[in-house]
Amino acid sequence: MKRPLKGSDAASLARRLRLSHALLCAAALYLLLISLKFPRFLEIASMLSGDDTFVGLENSDHPNGKPFVGSVSHRRLENDEKASSLPSGDASRPIKPLRHPYGRISGEVAARHRRLRRDLSELERMADEAWTLGSIAWRDLEGFELAANASSVVEVVANPETVCPSSVSVGGADLRAAAAAEGEYLVFLPCGLAAGSSITVVGTPHEAHEEYIVPPRGARTLRDGVTTVMVSQFMVELQGLKAVDGEEPPRILHLNPRLRGDWSKRPVIEHNTCYRMQWGSAQRCDGLPSKDDDDMVDGFGKCEKWRRPDTVDSKESKTTSWLMRFIGRHKKPEMTWPFPFVEGRLFVLTVRAGVEGYHISVSGRHVTSFPYRTGFTLEDATGLAIKGDVDVHSLHATSLPISHRSFSLQQVLDMSEKWKASPLPDSPIQVFIGILSASNHFSERMAVRKTWMQSSAIKSSKVVVRFFVALNVRKEVNAALKKEAEYFGDIVILPFMDRYELVVLKTIAICEYGVRNVTAEYIMKCDDDTFVRLDAVLKEIQGVSRKRSLYMGNLNLLHRPLRNGKWAVTFDEWPEAIYPPYANGPGYIISIDIAKFVVSQHANHSLRLFKMEDVSMGMWVEQFNSSTPVQYSHNWKFCQYGCMEGYFTAHYQSPRQMLCLHDKLARGRAYCCNF
């Protein structure tokens with residue numbers, strides 16, 4: 001016989017019943033939610049696992065059912081709900097509506113962005129932000145049209161005016177305001193320079209100040225224990241346009257007077273250039289004159305003489321002096337000048353563009369000349385920056401070009417049918433080449449189309465080439481890029497804002513495209529300033545055994561990361577003491593199985609990313625090599641810096657050099673074009 005419940009027991013039982021009912025209601029609601037959202041969960045899961053069934057990117061007409069990735073060159077770039085139509089020449093290949101308009105890789109980034117992520121690395125946070133900004137930029141581009149009266153796409157991008165001023169003069173409050181805002185004196189030269197252009201700077205160097213230094217290993221010019229030096233120096237730089245966020249603008253001319261000298265403790269003037277974040281070899285003038293005829297630029301010496309405390313003129317004996325005068329050979333009096341810059345004293349510096357190089361004069365006297373270097377043209381010098389220990393009072397640029405020859409349709413985007421890319425072939429190909437390019441590198445891409453992309457291997461569809469380009473902060477540049485992609489059909493637009501540190505994402509996209517969109521044996525990555533001697537590259541590949549995976553290029557062994565300075569890599573970014581063996585980024589080749597490994601590892605979030613894309617590829621190949629043997633094939637002819645005779649690839653080649661190299665190859669000579 002049950003005992004009656006007490007009042008406290010009955011209340012406890014009622015509370016437990018109410019709790020169980022609440023849990024049952026919650027479970028029912030959860031099951032209802034799951035049933036409604038289950039298709040969406042399937043889509044996300046399939047996207048992250050590599051199955052594109054639910055992404056809507058498959059090409060229904062392709063025999064292998066391979067999906068397109070990115071804003072693929074053979075479809076329109078608009079993101080609409082209707083079936084995307086193809087440009088003329090590929091209308092037979094309809095593509096389904098895109099839920100992720102940029103492809104699997106971009107869809108994955110989008111999915112990551114939608115989730116709360118508290119464990120993002122610095123590089124992942126940067127990529128997340130770049131994707132967000134890229135999505136906004138692409139939305140803003142919808143409905144945006146270039147000016148109808150523009151004679152060229154690039155004309156609108158570079159300058160809304162077709163005529164540039166013949167002179168620029170800045171001084172007084174305007175110059176001081178610009179320096180206060182930017183931290184340096186910066187003047188825009190709309191159409192660059194031309195032969196005969198000159199820039200005059202009036203300024204005053206600061207008094208020297210004390211700076212703490214870390215003496216270099218083996219330095220003998222400093223006393224033991226000295227940790228400071230007196231410094232007074234400034235920089236005058238002709239700069240080009242910055243192409244990618246995070247990448248510094250190119251230095252077309254870097255002029256650096258050091259009034260207190262450097263480790264030599266003598267006044268010195270240094271010249272240099274910086275192209276694609278790489279400094280060239282410096283030209284130093286330290287008071288000793290140029291003597292060799294090879295050191296002449298337009299008839300001027302590279303370095304003029306000035307007085308130095310460590311040089312003593314040799315004295316002739318009276319007998320020698322009398323003999324020379326007797327035979328009628330009088331010694332010409334030699335003029336000696338001090339170092340042209342003095343602390344606290346006004347100077348007038350003029351930089352003039354000659355035929356062979358830049359000529360620098362101070363107070364009307366020629367001081368140095370610097371020959372033009374490869375990779376740049378006078379039209380590229382669209383900015384003048386002055387920074388350091390100097391007060392600039394005025395700046396005048398004269399004899400400037402009133403129009404930019406590269407702004408014409410014929411010089412940059414030559415809208416001719418013969419430069420259009422062929423549709424993607426259905427049959428297997430030998431090599432897929434992905435070219436990394438920046439959004440405003442119109443002339444570089446056009447030069448590639450007109451030169452090595454005209455090779456027979458590409459025309460016969462044995463090799464397929466595509467440019468991989470991210471978005472720009474300027475809407476006009478993106479609009480021009482979109483128009484270029486639609487016409488030529490050879491550009492894959494990636495959905496993030498371009499940054500120097502995110503080049504590695506473009507490399508992953510190249511692997512993705514080579515795996516998903518074409519059936520290629522090998523994938524090659526290069527830059528838009530790389531000239532590829534395709535016949536030699538294909539011959540080199542054919543000489544390698546196909547039984548093993550391949551990693552081919554100019555290989556670096558036992559390279560150590562820089563821990564100090566401007567290009568420092570932190571221990572958080574790279575904790576190891578050395579990098580794995582890696583091929584230099586301007587041109588390397590991997591077999592398709594390595595590319596598939598990269599794609600699969602990225603799909604399941606186990607691919608380690610590093611801001612240096614060539615080191616990243618070396619790291620991925622090393623990981624792949626731990627389970628599958630890889631043949632590392634090294635050859636110096638994949639040139640990292642410039643060009644060498646018999647090259648496979650030549651790096652840092654300007655559009656003008658590209659055309660020259662192509663012309664030499666047409667005559668059967670693999671010679672360089674070092675203007």
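**Labels and their cut-offs**

Analyst: Happy to! The structure holds 20 salt bridges. This is a predicted model, where local features need pLDDT of at least 70 and side-chain atom pairs count only at pLDDT 80 or more, while totals for chains, interfaces and linings use all residues. Side-chain values use heavy atoms, without hydrogens and water, and residues are numbered from 1 along each chain as its sequence is written.

User: What makes Asp414 and Lys450 a salt bridge?

Analyst: A salt bridge needs a side-chain nitrogen of Lys or Arg within 4 Å of a carboxyl oxygen of Asp or Glu. The N to O distance for Asp414 and Lys450 is 3.3 Å, so the pair qualifies. Asp414 lies in the loop between strands E17 and E18 and Lys450 in helix H7, so the pair ties together parts 36 residues apart in sequence.

User: Why is Glu512 called buried?

Analyst: Buried means under 20% relative accessible area, exposed over 50%, and partly exposed in between (1.4 Å probe, protein chains only). Glu512 has 2% relative accessibility, so it counts as buried. Lys450, at 21%, counts as partly exposed. Glu512 also forms a salt bridge with Arg516, with the closest N and O atoms 3.6 Å apart.

User: How do you know that H3 and H9 are roughly perpendicular?

Analyst: Their axes come within 10 Å and cross at roughly 70°. Angles under 35 degrees count as roughly parallel, over 145 as roughly antiparallel, 65 to 115 as roughly perpendicular and the rest as oblique. Helices H3 and H9 are therefore roughly perpendicular to each other.

Technical notes. Axes fitted to C-alpha atoms, helices over the stretch in contact; angles between N-to-C directions. Helix = DSSP H or I, 4+ residues; strand = E, 2+ residues; numbered from the N terminus.
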